[in-house]
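Subject: Structure for you to look through

Hello,

Here is the structure I said I would pass on. Please open it first, then read the notes below beside it.

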Amino acid sequence: MSLPTTTAQWTIEEGQNGFDSLKFDESAEIPELGDHDCLVKIDAVSLNYRDLAIPHGKYPFPIALPVVPCSDASGKILATGRRVNRFKKGDEVTTLFNQGHIAGPLTPRAVGTGLGGALPGTLRKYGVFEEDGLVAKPQTLSAEEASTLSCAAVTAWNALYGLQSKALKPGDVVLTQGTGGVSLFAVQFAAAAGATVIATTSSEEKAKKLKDLGAHHVINYKSNPNWGEEAKKLTGEEQGVDHILEVGGPTTMAQSLNAIKIDGVISIIGFLGGVPRDQPSFLDCLNHICIVRGILVGSRMQFEKMNRAIDAKKIKPVVDLRIFQFDEAKDAYQYMWDQKHFGKVVIRVD
């Protein structure tokens, strides 16, 4: 059987004028395999907020336009370069977000290796990736479920376990915000680890879903704007929360500081709330005696550890009920932009 030489793919063109900058190409050339490369038939891709921000010109990290969008995918290896030793033909794999972040701290070089930004991404039928930028798919997940892991899941895992001296342990208290992909994974990982989970949301319907996933307490941030103080009251002796996943950014940081425990960790992973004029200062971190940490996804080593936990604990990613087809990619973007989803938005490629 001959290998494909061209691939159908989506690209984000110059201009970044919203989702109209997404263009479809039926026959893009597939580069030749290098010694350490793998040719992957992509089965499924999932979207992140980052993927929506890039075509709107709102992403603060390196981008090389035009670019194939998206970082998250699962697929099967069709062929390998002659020096590949981590995988073989037929292996099921997922993509690593920052292709150069193998282990240890993030480096300036690794920051410039993000799929779907600095490097061609995953919204295509076939892709060539270096073997070091691929991770074996969890055995207990479908292709659609596995396609959700690369960004949101690894980010949540890094937030909870990335600082070894502060790694999540049973009995800790974790606070998550909203029902985005990172927050839902964090609820599942923390509950599976024996932590107490406090989640915030805006509706009773979403509150029920969060409790079904393992949240012990849910606070409605619309009816209780001082949710940080409320979260602290829910902790033992009102000491505060051990780990907070801060997805809102400056708009919610004040409440996170109100909730955090002395020497607790706030992991800043998003900027969904925008940038207001008034926001906490560096001095507030001192006043609350806490660690505030910015993270950009995580390493391949963290990804592999997370996958072992997913298989061992039978954790199932939350996938939105509507699965989009490859030619419906723009519709998938708009669906997520309109916040019609609950869980990860997945595009089936095959």
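A residue is called buried when its relative accessible area is under 20%, exposed when that value is over 50%, and partly exposed in between (1.4 Å probe, protein chains only). By that rule Ser150 is buried, with a relative accessible area of 1%.

Before the rest, some notes on the source. The model is predicted, so local features need pLDDT of at least 70 and side-chain atom pairs count only at pLDDT 80 or more, while totals for chains, interfaces and linings use all residues. Residues are numbered from 1 along each chain as its sequence is written, and side-chain values use heavy atoms, with hydrogens and water left out.

Ser150 and its helix

Ser150 lies in helix α4. Helices (H or I, at least four residues) and strands (E, at least two) are DSSP runs, numbered from the N terminus. The side chain of Ser150 has a polar atom 2.5 Å from the backbone oxygen of Thr95. Leaving aside residues up to four places away in sequence, Ser150 touches Ser71, Asp72, Ala73, Thr95, Phe97, Val297 and Phe303; contact here means heavy atoms within 4.5 Å.

How much of α4 is buried? The count is 12 of its 13 residues, so α4 is largely enclosed by the rest of the structure. Among the buried residues are Leu149, Cys151, Val154, Trp157 and Leu160.

Two domains

The chain is divided into domain 1 (6-150 + 298-348) and domain 2 (154-294); such bounds come from an automatic or database domain assignment. The contact between the two takes 22 residues from domain 1 and 16 residues from domain 2. Their C-alpha centres lie 27 Å apart.

The size of an interface is often given as the accessible area lost when the parts come together. Buried area is that loss (1.4 Å probe), summed over both parts. Domain 1 and domain 2 bury about 1,700 Å² between them, and 76% of it is on carbon and sulfur atoms. On the side of domain 1 that touches domain 2, the elements giving two or more residues are α4 (149-161) and α10 (300-313). The largest share of that side, seven residues, comes from α10. The residues of that side divide into 11 nonpolar, six polar and five charged. In this scheme Ala, Val, Leu, Ile, Met, Phe, Trp, Tyr, Cys and Pro count as nonpolar, Asp, Glu, Lys and Arg as charged, and the others, Gly among them, as polar.

Between domain 1 and domain 2 there are three residue pairs in polar contact, with both residues at pLDDT 80 or more. A polar contact is a pair of N or O atoms within 3.5 Å; within protein, one must be able to donate a hydrogen and the other to accept it, and residues adjacent in sequence count only if both atoms are side-chain atoms.

Salt bridges

How many salt bridges does the rule find across the interface of domain 1 and domain 2? It finds zero. A salt bridge is a side-chain nitrogen of Lys or Arg within 4 Å of a carboxyl oxygen of Asp or Glu. By this rule the count comes to 17 salt bridges.

One of them joins Asp43 and Lys41, with the closest N and O atoms 3.0 Å apart. Asp43 is buried, at a relative accessible area of 5%, whereas Lys41 is partly exposed, at 24%. Another pairs Lys88 with Asp91, and here the closest N and O atoms are 3.1 Å apart. Lys88 is exposed, with a relative accessible area of 54%, and Asp91 counts as buried at 17%. A network of salt bridges links Arg86, Asp132, Arg300 and Glu304.

Most residues other than glycine have a negative phi, and most peptide bonds are trans. Leu65 and Pro66 are joined by a cis peptide bond, with omega about -5°. Pro66 lies in the loop between α1 (49-53) and β4 (72-80).

Ile289 is not a glycine, yet it has a positive phi of about 50°. Ile289 sits in the loop between α9 (282-287) and β13 (291-294) and counts as partly exposed at 49% relative accessibility. Gln339, also not a glycine, has a positive phi of about 55°. The loop that holds Gln339 runs between α11 (329-337) and β15 (344-348), and Gln339 counts as exposed at 66% relative accessibility.

Regards

Note on methods:
Buried area = accessible area lost by both parts, 1.4 Å probe.
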